[in-house]
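Here's a quick briefing to read alongside the model. Keep the viewer open as you go.

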Amino acid sequence: MNQRLWSFLVPVLSVMLALLIASVIIMLIGKSPVEAYIALLKGAFGSRLAIASTIVKTTPLILTGLAVGFGFRAGLFNIGAEGQMIIGAMAATAFAINVAWMPAVLAIPLTMLVGMLAGAGYAAIAGVLKAKTGAHEVVTTIMLNWIADYLSSYVVTVPMGVGFGTPKSPEIASSAKLPPLMVVQATELTSGIIIAVIAAILIKILLDETSKGYELKAAGFNPYAAEYGGIKLAQNVVLAMAISGALAGLAGTLEVMGVHHRFLGTLSGGKGFDGISIALIGQNNPIGIIFAAFLMGALRNGSNEMQFVGVPKHIIMIVQAIIIFLVAADRIVRTIFLRKRVLR
Amino acid sequence: MRVLLALLDIFTNASFYKLTLTAATPFIFASIGGVFSEVTGVVNIALEGIMLMGAFVSVVFTWLTGNAWLGVLFAVLTGLGMAWLHAWASITWRGNQIVSGTALILLAQGVTGFLMEPIFGRPGQTDIVGRIPEVRIPFLMKNKFLAQSIGELSPMIYMAFASVFIAWFIIYKTKLGLRMRAVGENPKAADTLGVNVYAVRYFGVLMSGVMASLGGAFLSVGEVGNFRELMTGGRGFIALAAMILGNWNPVGAMWASLLFGFSEAFANQLQSSPLLKVASTTKPLFNMFPFIVTLIVIAGFIGKTRPPAADGVPYEK
């Protein structure tokens, strides 16, 4: 079977297999998988409100998926989308609190820029360390995640903290808020989704149509050949890491500008980590990532409804894990469906 | 001045040294696990997930059987299972090792979160189920400083240090160890000489599961006696860093683990020091300390270390 079709089929079949295995697990705790999955669907698409909040959940996932996927294409494994998202959101908030005097046409793009630069700068630390000392980005970005996490819980309580209860920053200026596409009950369907989709298209153009994109891919595909071909590896590592971080930073920024309108201590909630599954399901293709993010957004949003029929929403994490596992060893999937034709 | 006094207070406090040993132990277990796996050429970032499962399973079985050692035993069996999954995906099916490791971390987070409610009836944190009692060494108890620092320790701490020696012995003094290193450096050549590359790699990865799950079990039934969601908190990754810093050598990994244990204990002591009066809101900043130390250390020292040549590369016959 041809390669192109397989690269599409592997993730789809992995998702199906994962849902199948998850239904066995649901049965093991004595619940009905049919009931659980119906609840899941209802929670994700059952009403206008459900659909709106699925799209709201999808928005940052497209960007963290792009961040990880772009890294992959350049040969980098950026596990730090989580931390970059936090730093991006934090910087964007600090900026957007103070822009009440600016018109929205200025405040909105500038806030986005600040968030992206902060995410890029934070990711670039890992890039520079890799280029200069060879420190593996998996380890460094994880360290940076924890540092960002603790830093944010400090920032929302002391320097930026307001009010009582949940740690939170003050609200950002109205001019920096993204206008909602529509409002369903209390949920604002953020226009961030448009920005996320545009970002995906831009990344696709960068990767497939520009010479810089070719260089980044070449460096990721075969660093030795690329260096021989005159491509500056160190520079590309830092640049690729920074672009990846900018995307993650934008994810956090849009959450602030379009959804919460302030910085919360518990902002990321694993969205950076979700980026890994999304990049893998989307096969690192920006357009594929949009669909993968939508799938994951729907699963995450629907899983809340599943809680009401007694199935813990952690099952979605297990589904995600199985998908990633099967995509990692895609030969398992091929063998199951092709009866050992691929692997001799 | 108060800072200096606080520092003096920490370093002259006997229990600080006990705290350092306690904090280092999970790192030692897991980083030795990392050494076992990576010496044979398989990267195992799933250590974090295996630790988390180990911590959870040991609590579950301690709760069921009333015996913490049985809890540890079942944790080890679960660790073997998790590691087997990683070996299966990355050796047999030649999958991407980092991606498979990521899947296992997520799996552990999902499974432990998922089972918490059906088993213990509430999310977040389990009841105290009991823990492994500390062992008192009588002749050390005569001196007050020694008594408070190393006079009464968890037997798992001794196990951690013993495992350093055992790992070193296996890897550098036995035929199996020679094969492990050969497979990690040049699998093709080892294969030509008749070494079963897959079997040796399976051994390495399975051992990493045993060690990482012991590290996790120590965190729960070895130390506090209960399980909290995500209680490993990145320690598996710090263990990876310790392994790298220790140049993929068990003894080196032990020293690096002690350094990280020290920095964790130090940050803990500093934020609770009565002399500094750290506000509870400022405490998160102290929690950053071990991670910053790791980052600095990795950035500064990594130039001198070298991973096994075939580390992370699936082997195809």
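In which loop of chain B does N247(B) lie? N247(B) lies in the loop between α11 (235–245) and α12 (250–271) of chain B. Bear in mind that this is a predicted model, where local features need pLDDT of at least 70, side-chain atom pairs count only at pLDDT 80 or more, and totals for chains, interfaces and linings use all residues. Residues are numbered from 1 along each chain as its sequence is written, chains are lettered from A and ligands numbered from 1 in the order written, and side-chain values use heavy atoms, leaving out hydrogens and water.

**Positive phi in chain B**

- Most residues other than glycine have a negative phi.
- N247(B) isn't a glycine, yet its phi is positive, at about 55°.
- N247(B) is partly exposed, with a relative accessible area of 35% (partly exposed is between the cut-offs for buried, under 20%, and exposed, over 50%, using a 1.4 Å probe and protein chains only).
- R94(B), also not a glycine, has a positive phi near 50°.
- You'll find R94(B) in the loop between α4 (68–92) and α5 (97–120) of chain B (helices are DSSP runs of H or I, at least four residues, numbered from the N terminus).
- R94(B) is buried, at 17% relative accessible area.

**Two crossing helices in chain A**

- The axes of α8 (residues 211–221) and α10 (residues 233–260) of chain A come within 10 Å and cross at roughly 105° (axes are lines fitted to C-alpha atoms over the stretch in contact, with angles from 0 to 180 degrees between N-to-C directions).
- That makes α8(A) roughly perpendicular to α10(A) (65 to 115 degrees).
- K212(A), E215(A), L216(A) and A219(A) in α8(A) meet L233(A), N236(A), L239(A) and A240(A) in α10(A) (contact means heavy atoms within 4.5 Å).

Notes:
Angles under 35 degrees count as roughly parallel, over 145 as roughly antiparallel, 65 to 115 as roughly perpendicular and the rest as oblique.
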